[in-house]
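Q: Please take a close look at one part of this model, the packing around its helix contacts. Describe it in a single connected account.

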Amino acid sequence: MVGFYIDAIFAIILFGVGLYGVTSKNDFLKIFFSLEILLNAVILFLASAAYHFGLTRGLAIAYVIIVIATLEAAAGVLIFLLSYRITGEIIPDKLDKAVSDE
Amino acid sequence: MSVLILALAVVLAVMALTQKNTVPAVLSFVLMMFLLGIYYILMDEKLLGLFQIFVYTGGIVVLTLFGVTVVGAKFPKFEIRPWAVAVVTVVIIGLLIIPFILPPIPYEGKVIPLKDQVKVFTDFYSEIAIFMGVVAASILYGSIRMLHTLKYEKE
């Protein structure tokens with residue numbers, strides 16, 4: 001039981017790190033890393049629950065999250081390459097500004 | 001052992017977000033994902049651990065490295081947003097308080113029988129419909145946005 005709380009606390013800290021990255025960073029690559037860290041915090045929590053309580057359905061959701069993370073990674077890399085092609089930088093604000101200016 | 005691995009994973013996650021160069025950031029990210037995969041294997045979730053290692057340290061990082069080769073070695077400079085720290089602190093404290101507010105887990109130390117677990121996508125097909133609707137709406141929005149951007153780029 002203590003093991004679950006340790007895992008949960010570390011999952012919450014990882015979630016906080018990811019949330020900080022999403023809210024504070026201004027380049028696509030770091031935002032992408034932060035999103036992956038957020039997803040991994042959730043996977044860690046679900047895996048820990050599956051191990052300590054036998055929550056097999058939670059584990060199934062963890063697999064779904066990994067698949068979604070893969071798709072998100074492909075889409076994310078495409079978006080930041082497109083941003084680099086248009087603005088020469090990987091800053092989301094500038095892409096938005098470039099599109100709205102034109 | 002588990003505390004050590006998880007603490008190292010948190011440190012590597014912070015390093016991945018605070019590095020000024022792209023390649024060390026990607027390497028920290030890879031190591032973090034690899035450590036989490038190892039941790040899942042140690043927790044006896046071997047398939048999840050192998051999935052984690054193959055997908056994250058294999059697929060996603062190769063994609064990211066491809067992006068890095070195009071973008072370059074340096075991250076752009078960024079302005080520190082103090083409100084972000086406040087938001088994250090509030091969220092972390094909120095999440096840490098939840099276990100103290102909620103009633104204790106009734107299955108403490110026992111395996112929860114499958115029939116008592118939260119049912120997802122089993123009883124109501126409307127849940128699947130809602131989930132697929134959300135996914136379809138996201139894809140539609142992303143496609144329209146991307147087409148809009150590409151249209152402006154061509155002009």
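A: In this predicted model, the axes of H3(A) and helix H3 (residues 46–71) of chain B come within 10 Å and cross at roughly 5°. Axes are lines fitted to C-alpha atoms, for helices over the stretch in contact, and angles run from 0 to 180 degrees between N-to-C directions. Helices are DSSP runs (H or I, at least four residues), numbered from the N terminus. H3(A) is therefore roughly parallel to H3(B), a term for angles under 35 degrees, whereas over 145 counts as roughly antiparallel. The contact of H3(A) with H3(B) has 21 nonpolar, 4 polar and no charged residues. Here Ala, Val, Leu, Ile, Met, Phe, Trp, Tyr, Cys and Pro count as nonpolar, Asp, Glu, Lys and Arg as charged, and the others, Gly among them, as polar.

Within chain A, the axes of H2(A) and H3(A) come within 10 Å and cross at roughly 175°, so the two helices are roughly antiparallel.

On the H2(A) side the contact is made by Lys30(A), Phe33(A), Ser34(A), Ile37(A) and Leu44(A), and on the H1(B) side by Leu6(B), Ala13(B), Ala16(B), Leu17(B) and Thr18(B). These residues divide into 7 nonpolar, 2 polar and 1 charged.

Some of these helices also line the largest pocket. H2, H3 (56–87) and H4 (92–101) of chain A and H5 (125–154) of chain B each supply at least two residues of its lining. H5(B) gives the most, with 11 residues. Of the 29 lining residues, Glu72(A), Ala75(A), Gly76(A), Ile79(A) and Gly142(B) lie nearest the centre of the pocket. The lining divides into 20 nonpolar, 6 polar and 3 charged residues. A pocket is an open set of points, on a 1 Å grid over the protein atoms alone, where a 1.4 Å probe fits, with protein on both sides within 12 Å along at least five of seven lines; lining residues have an atom within 4 Å of a point.

Residues are numbered from 1 along each chain as its sequence is written, and chains are lettered from A and ligands numbered from 1 in the order in which they are written. Local features need pLDDT of at least 70, side-chain atom pairs count only at pLDDT 80 or more, and totals for chains, interfaces and linings use all residues, while side-chain values use heavy atoms, with hydrogens and water left out.

Terms used
Contact means heavy atoms within 4.5 Å. Angles under 35 degrees count as roughly parallel, over 145 as roughly antiparallel, 65 to 115 as roughly perpendicular and the rest as oblique.
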